[in-house]
Amino acid sequence: PCWPCCSLPLSPLFCASDLQKNSRANMGHNNSKLAPEAIEELQRSTYFDRKEIQQWYKGFIRDCPSGQLNKTEFQKIYRQFFPFGDPTKFSEYVFGVFDNDSDGTINFKEFICALSITSRGNLDEKLEWAFALYDIDNDGYITKEEMLSIVDSIYKMVGDMVKLPEDEDTPQKRVDKIFSFMDKDGDGRVNKEEFREGSKHDPSIVQALSLYDGLV
């Protein structure tokens with residue numbers, strides 16, 4: 001079967017067809033089929049059942065014969081879905097969250113675990129994932145500069161596709177507005193609890209995750 005069809009930037013083609021196969025996928029001796037113990041592990045750590053995992057893996061390996069998705073190919077996927085903007089930076093930030101071990105590639109386990117959270121996770125799980133996206137340097141806090149980098153990349157990605165209200169028509173205005181109610185202690189940075197509470201107050205803060213809603 002093909003990848004489950006969707007209108008979002010995680011559908012084929014994933015990788016260049018000339019990528020070399022290698023053993024780094026570590027998900028079974030035969031790259032075209034997951035080992036039973038690997039499937040069981042992914043069932044425990046995701047919201048997908050056995051059949052869904054097998055389908056996603058088959059499509060992933062078909063389009064990524066190496067078992068690895070690199071940053072360049074990841075960015076190409078986003079460009080297909082945002083042709084009127086520039087998704088380069090935003091896709092780079094998202095790639096960093098998917099790439100859990102920071103080795104510069106996304107393997108199937110990283111892909112399916114991230115997909116599980118962004119498409120089927122509960123609100124707290126999605127907020128945890130979104131916090132990791134905004135916390136660029138992974139120090140446990142989101143600074144204004146970090147949020148501005150993400151928001152600016154989103155504005156560049158959507159281009160003129162979305163009409164914004166006057167008080168949010170620039171990335172700086174949007175970030176200032178968010179920090180005005182999210183940074184409760186006024187220290188110029190947002191911790192995880194402030195982010196969680198602020199995002200529940202204004203769900204659009206985690207709008208980046210809506211890219212994956214309805215994927216599966």
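The structure is a predicted model, in which local features need pLDDT of at least 70 and side-chain atom pairs count only at pLDDT 80 or more, whereas totals for chains, interfaces and linings use all residues. Residues are numbered from 1 along each chain as its sequence is written, and side-chain values use heavy atoms, with hydrogens and water left out.

**The chain as a whole**

The protein chain contains nine helices and four strands. Both kinds of element are DSSP runs, numbered from the N terminus: helices (H or I) have at least four residues and strands (E) at least two. Read from the N terminus, the order of elements is α-α-β-α-α-β-α-α-β-α-α-β-α.

Of the 216 residues in the protein chain, 46% are buried. Buried means under 20% relative accessible area, exposed means over 50%, and partly exposed lies in between (1.4 Å probe, protein chains only). The chain exposes about 11,000 Å², and carbon and sulfur atoms supply 51% of that area. Accessible areas come from the Shrake-Rupley method with a 1.4 Å probe; for residues, only the protein chains shown count as cover.

A contact means heavy atoms within 4.5 Å. Among contacts between residues at least 6 apart in sequence, 66% join residues at least 24 apart.

**Two pairs of packed helices**

Two packed helices are described by the angle between their axes and the distance between the axes. Axes are lines fitted to C-alpha atoms, for helices over the stretch in contact, and angles run from 0 to 180 degrees between N-to-C directions.

| Helix pair | Angle | Axis distance |
|---|---|---|
| H6 (residues 123–134) and H9 (residues 192–201) | about 120 degrees | 10 Å |
| H2 (residues 50–63) and H5 (residues 108–120) | about 125 degrees | 11 Å |

The angle of about 120 degrees makes H6 oblique to H9. Angles under 35 degrees count as roughly parallel, over 145 as roughly antiparallel, 65 to 115 as roughly perpendicular and the rest as oblique. H6 and H9 cross in a right-handed sense; a crossing is right-handed if the near helix is turned clockwise from the far one by less than a right angle, and left-handed if anticlockwise. On the H6 side the contact includes Leu123, Leu127 and Phe131, and on the H9 side Phe195 and Arg196. By class, this contact has six nonpolar, one polar and five charged residues. Ala, Val, Leu, Ile, Met, Phe, Trp, Tyr, Cys and Pro count as nonpolar, Asp, Glu, Lys and Arg as charged, and the others, Gly among them, as polar.

The angle of about 125 degrees makes H2 oblique to H5, and the crossing of H2 with H5 is right-handed. Glu52, Ile53, Trp56, Tyr57 and Phe60 of H2 meet Phe108, Phe111, Ile112, Leu115 and Arg120 of H5. This contact has eight nonpolar, no polar and two charged residues.

Ser116 lies in helix H5 and is buried, with a relative accessible area of 1%. Leaving aside neighbours within four places in sequence, Ser116 is in contact with Thr46, Tyr47, Phe48 and Gly121.

Most residues other than glycine have a negative phi. Ser102, however, has a positive phi near 55 degrees. Ser102 is in the loop between helix H4 (88–98) and strand E2 (105–107) and is exposed, with a relative accessible area of 61%. Asn138 also has a positive phi, near 55 degrees. Asn138 is in the loop between H6 and strand E3 (142–143) and is exposed, with a relative accessible area of 62%.
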